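Please open the structure in your viewer and keep the selection tool at hand.

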Amino acid sequence: MRLEVEVLAGAEEIGRRAAQLVADELAAGRLRTLGVATGSSPAPVYTSLAAPGGPGGGGPGEDGPGWDGVEVFALDEYVGLPPGHPQSYAAVIDREVRAPLGLDPRRVHVPDGAAADLDAACAEYERALEERGGVDVQLLGIGATGHIGFNEPGSPFSSRTRVVALAERTVADNARFFATAEEVPRRAVTQGIATIARARRHVLIARGAGKADAVRAALEGEVSPACPASALRTFQDVLVLLDPAAASRLSGRTVSRRSAADVR
Ligand code: GLP
């Protein structure tokens, strides 16, 4: 198992580094399925992948390793938002990932948070992932609670795609995307920790001082459902990309430092 931690100058450098990893997998013919996350942390990865001349070869019509045949699976979705709501993760992934990369909408999968039978929709999402043969590269953010996807503290490492309740802190943090805190859904569908664990490689991105405690708990605390992101330390091949503020509470022992100049 491999877990590397790199501290980079900021969002742009982190975006380029992660995009390069994705593009290298694509160029090597090893990227059939990309796992995507929402939130501000992975956004620069998508920008970098889609940039003309960027590591992903740009959007539609650009040269470079093609996205043909690549499928995208999202980690999670709110429950209870009307279909098409601009803050639904289906809409966010469509705007931030599908459109810039020019992907066929039929190749983009997001859990159905509006299904009449949510449990059946969760089982169906697991089945679709299974049938696809799992995720090759999974991009992840981390919540201030230590969540990955929407797996809040207490989520068993054996968990699969299911309906979950959001922590109060998560509702408060995500309120910035909504007009009022009341509008933030209280429930979500999320891939479970065991579902996420199945990916061949993981890239976790965290930026800002607000993530420093969660990053420390994930990388240096106990490996336990009390910090869902600590499950990363049981995964096969993990790259953690941090800015200096997110890394500020680490002891430093686990951290290898790279300068922006080292990043292609
Ligand atoms: C949401 C998502 C997570 C994401 C987290 C952090 O709660 N469900 O997948 O990692 O936000 O978001 P940000 O990167 O914007 O801090």
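A polar contact is a pair of N or O atoms within 3.5 Å; within protein, one atom must be able to donate a hydrogen and the other to accept it, and residues adjacent in sequence count only if both atoms are side-chain atoms. This is a predicted model, in which local features need pLDDT of at least 70 and side-chain atom pairs count only at pLDDT 80 or more, while totals for chains, interfaces and linings use all residues. Residues are numbered from 1 along each chain as its sequence is written, and side-chain values use heavy atoms, with hydrogens and water left out.

**First stop: the ligand**

**Second stop: atoms facing the ligand**

Select S40: a polar backbone atom of this residue is 2.6 Å from an oxygen atom of the ligand. Next, select H147, where a polar side-chain atom lies 3.0 Å from a ligand oxygen. At N174, a polar side-chain atom is 3.3 Å from an oxygen atom of the ligand.

Finally, select helix α1, residues 11-27, which contains E25. Helices are DSSP runs (H or I, at least four residues), numbered from the N terminus. Is E25 buried or exposed? E25 counts as buried because its relative accessibility is 2%; buried means under 20% relative accessible area, with a 1.4 Å probe and protein chains only. Display R200 as well: the side chains of E25 and R200 make a polar contact at 2.8 Å.

Key: Helices (H or I, at least four residues) and strands (E, at least two) are DSSP runs, numbered from the N terminus. Buried means under 20% relative accessible area, exposed over 50%, partly exposed in between (1.4 Å probe, protein chains only).
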